[in-house]
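Have a look at the picture first, then work through the exercises.

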Amino acid sequence: MGGVAEPYVGWTFLTNHARVLAAVAEDDTTRIRDIAARCRLTERAVQRIIADLEEGGYLTHIRQGRSNLYRVSPDTVLRHPADGEATVASLLTLLVRHDRGTTTGAAAEADGQR
């Protein structure tokens, strides 16, 4: 891994928090290093985002030896009032379908497909 790619200048549709949450939902044993590479963030930024997500009740982790096992809370309602009653599961379902063409991981579980 050659490090973090060039930062993107301009606005994007997804926040870094959504990208990190989607990466964890896809692989609940993923390493911070791998999340950082996938999301094009620094490892320190990913650590802060995971802490934010845990503090907000969207994510938890359990230590397993030298690794972490992450658990997404699919029924947690999204933060912004304009999102109404939309949940993490509904967000992840959209993101996973877009990325993969099908539902997998936590999004599939939330959709009842697992």
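**Salt bridges, step by step**

R33 has a relative accessible area of 45% and counts as partly exposed (buried is under 20%, exposed over 50%, partly exposed in between, with a 1.4 Å probe and protein chains only). Keep in mind that this is a predicted model, where local features need pLDDT of at least 70, side-chain atom pairs count only at pLDDT 80 or more, and totals for chains, interfaces and linings use all residues. Residues are numbered from 1 along each chain as its sequence is written, and side-chain values use heavy atoms, leaving out hydrogens and water.

**Exercise 1.** Find out which residue forms a salt bridge with R33.

*Solution.* Start with the rule: a salt bridge is a side-chain nitrogen of Lys or Arg within 4 Å of a carboxyl oxygen of Asp or Glu. The partner is E43, with the closest N and O atoms 3.7 Å apart. E43 sits in helix α3 (residues 43–55) and R33 in helix α2, so the pair ties together parts 10 residues apart in sequence. (Helices are DSSP runs of H or I, at least four residues, numbered from the N terminus.) E43 is partly exposed too, at 39%.

**Exercise 2.** Work out which helices the salt bridge between R38 and E26 ties together.

*Solution.* First, check the contact: their side chains meet at 3.2 Å, N to O. Finally, R38 is partly exposed at 37%, and E26 is partly exposed at 33%.

Definitions and conventions
Helix = DSSP H or I, 4+ residues; strand = E, 2+ residues; numbered from the N terminus.
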